[in-house]
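Opening the notebook on this one. I want to go through the chains, the sheet and the packing, one look-up at a time.

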Amino acid sequence: MLCEQCKQAPATVHITQVVNDVRREMHLCEQCAAQVTGDLGLSWPTFSFNKLLGGLLAPDSVTGLAGAPATGGRCPNCGLSFADYRRMGLLGCSQCYETFDRQLEPVLRRLHGNTVHTGKVPLRQAGRLRIERELERLRQELQEAIGKEEYERAAVLRDRIRMLEKQQQSARSGG
Amino acid sequence: MSLRDILSRPVSQWMKGQGPDRDVALGSRIRLARNLRGLPFPAVADEHQAAEVVRQVREAVSQSPELRGMLFVPMESLSPLERQLLLERHLISPDHAREGGRKAVVLREDEAVSVMVNEEDHLRIQALMPGLQLAAAWELADKVDDALEQYLPYAFSEQRGYLTACPTNVGTGLRASLMLHLPALVSTGQINRIIQAVGRFGLVVRGLYGEGTQALGNIFQFSNQVTLGHTESDIIQHLINVTRQVIDQEREARQMLLRRDKMALEDRVARAYGTLAHARVVSSQEALQMLSDVRLGIDLGILDGLKPEILQELLVAIRPAHLQMRTGRELSPAERDVLRAALIRERIAVRS
């Protein structure tokens with residue numbers, strides 16, 4: 001795609017501007033973009049990432065489809081609507097993730113290439129989940145160790161797995 | 001130790017340590033975004049709700065044995081100058097330094113750990129280490145996170161992980177950053193190509209003071225972009241793997257500069273040193289450029305008798321609020337340039 005302003009250089013900067021729910025897209029080369037953003041009273045270094053993101057979250061630019069229209073629904077906890085979110089680029093509270101789960105799914109996929117968390121789990125809130133993840137990891141390591149014929153390491157891993165399995169059982173019977 | 005004592009130290013304690021790869025890697029930073037379940041995020045919270053977050057965090061810090069000795073500082077108790085000092089020391093963000101709202105910061109005495117309360121998220125836990133020590137910084141942040149979690153109801157979902165105000169941070173809430181000094185990649189014109197290349201590997205490159213700042217003094221901050229769907233250690237390892245190559249390329253470019261025209265490089269370093277050792281008026285931009293050249297000279301053995309940490313120390317010490325603190329009164333920009341020159345002369349004249 002060529003820059004829509006100078007029609008010479010390739011368009012490498014794609015700007016979606018949402019002002020009062022009116023959307024405007026621009027596809028520009030770096031040079032023209034610098035000029036345009038300057039004209040908008042923005043300069044690149046101070047360009048607000050949140051606002052830019054808010055712009056990107058207009059449904060069709062996320063999925064390439066018309067997508068779900070911004071529902072009139074509001075988060076029952078904080079009162080935020082999805083349109084508010086698009087404008088600010090920020091959610092209102094932790095419950096917004098449930099309220100707007102369907103709309104957020106494609107956003108997350110686009111931002112992260114993933115939608116499911118695999119990292120740290122809070123100790124107190126989800127001790128069981130943490131043990132499960134750890135077990136999963138250890139079992140995988142055990143397979144690798146056996147594959148590489150590293151039997152000493154495998155023995156250590158096996159013992160840790162047994163210990164965690166016991167913990168898991170006592171956690172289950174306890175709660 | 002009080003906040004005044006901390007701020008009156010010329011250099012953050014954590015900076016004094018010696019980290020690996022320090023000829024290129026100036027510092028490592030880990031940031032974790034966390035929120036409290038149910039309470040509105042800071043951007044939409046009302047005064048009362050924001051104050052409630054501050055209260056809960058204060059309570060947690062005072063109760064946790066692991067956090068004993070950390071300083072809890074409400075932002076409204078600070079003067080504009082003190083807020084600026086914290087910003088210049090990388091302990092708070094520009095947004096957090098701005099007036100208004102119920103905000104706080106929790107500091108460890110050596111300034112290696114800070115927790116911003118009510119920034120974009122309820123909690124932004126940060127750990128800083130010199131050199132390339134991302135794994136160690138992560139361990140530190142992880143411990144503080146565990147300690148806080150004992151007392152605070154974190155917003156967490158099994159599917160989405162730690163829930164954050166901006167979906168760009170959701171999941172691990174982890175932003176790992178490495179601060180690199182890349183003068184040779186800049187002067188051999190390779191830096192833009194490298195910034196583009198690391199972008200393809202999911203890294204973002206920013207200037208010295210984070211989002212929206214320019215790369216002054218040839219210092220660049222490399223960070224991960226993706227926070228969801230990978231474990232913390234995978235994210236950190238990936239950042240290390242990619243930046244490791246940038247570090248190697250910078251070293252190669254330095255050797256190339258030496259091979260190609262040693263005299264020109266020595267001249268550039270010596271001129272920068274000469275300017276800093278004798279100038280009477282130095283703008284902050286000029287200082288950063290000259291200090292970068294001097295540091296390059298130290299790392300390549302062209303200048304001796306100077307400590308490499310002088311770059312990081314002066315990067316902070318020559319900023320407006322730090323200069324103002326030294327004189328104890330407000331300074332005009334022209335006065336600052338004079339004072340800055342004097343300070344650098346004094347610090348750099350350790351060579352007899």
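This is a predicted model: local features need pLDDT of at least 70, side-chain atom pairs count only at pLDDT 80 or more; totals for chains, interfaces and linings use all residues.

Started with chain A: 20% of its 175 residues count as buried. By buried I mean 20 or more other C-beta atoms within 10 Å of the residue's own; 12 or fewer is exposed, in between is partly exposed, and the C-beta atoms are placed from the backbone.

Residues are numbered from 1 along each chain as its sequence is written, and chains are lettered from A and ligands numbered from 1 in the order in which they are written.

Looked up the scores next. The model has ipTM 0.87 and pTM 0.78. Chain B averages a pLDDT of 92, with 97% of its residues at 70 or more; pLDDT is the predictor's confidence in each residue, from 0 to 100.

Back to chain A for the elements. I find eight helices and two strands, running β-β-α-α-α-α-α-α-α-α from the N terminus. Helices (H or I, at least four residues) and strands (E, at least two) are DSSP runs, numbered from the N terminus. Of the chain A contacts between residues at least 6 apart in sequence, 36% join residues at least 24 apart. Contact here is C-beta atoms, placed from the backbone, within 7 Å.

Then the interface. I get 38 residues of chain B in contact with 36 of chain A. On the chain B side, helix 5 (134–149) and strand 6 (156–157) each supply at least two residues. That side of chain B divides into 15 nonpolar, 16 polar and seven charged residues. The classes: Ala, Val, Leu, Ile, Met, Phe, Trp, Tyr, Cys and Pro are nonpolar, Asp, Glu, Lys and Arg charged, the others, Gly among them, polar.

Now the sheet in chain B. Eight strands make an open sheet in the order 2-3-4-5-1-8-10-9, with antiparallel pairing. Strand 2 and strand 9 (203–206) of chain B are at the edges with a single partner strand each, so one side of each has no neighbour in the sheet. Neighbouring strands are turned by 20° on average, direction ignored. Strands pair if DSSP finds at least two bridges between them.

I zoomed in on strand 3 (residues 104–107) of chain B. Strand 2 (residues 71–74) of chain B pairs with strand 3 in the antiparallel sense over four bridges; B:Leu71 stands opposite B:Leu107, and B:Pro74 opposite B:Ala104. Strand 4 (residues 113–117) of chain B also pairs with strand 3 in the antiparallel sense over four bridges, and B:Val106 stands opposite B:Val115. Strands 3 and 4 of chain B form a hairpin with five residues between them, and B:Glu111 in the turn has a positive phi of about 65°.

Which faces of strand 3 of chain B are covered? Both: B:Ala104 and B:Val106 on one side, B:Val105 and B:Leu107 on the other, are all buried.

Last, a helix pair. Helix 12 (residues 320–327) and helix 13 (residues 333–348) of chain B pack at about 80°, axes 10 Å apart. Axes are lines fitted to C-alpha atoms, for helices over the stretch in contact, and angles run from 0 to 180 degrees between N-to-C directions. Helices 12 and 13 of chain B are therefore roughly perpendicular (65 to 115 degrees). B:Pro320, B:Leu323 and B:Thr327 meet B:Arg336, B:Leu339 and B:Arg340 there.

Note on methods. Two residues are in contact if their C-beta atoms, placed from the backbone, lie within 7 Å. Angles under 35 degrees count as roughly parallel, over 145 as roughly antiparallel, 65 to 115 as roughly perpendicular and the rest as oblique.
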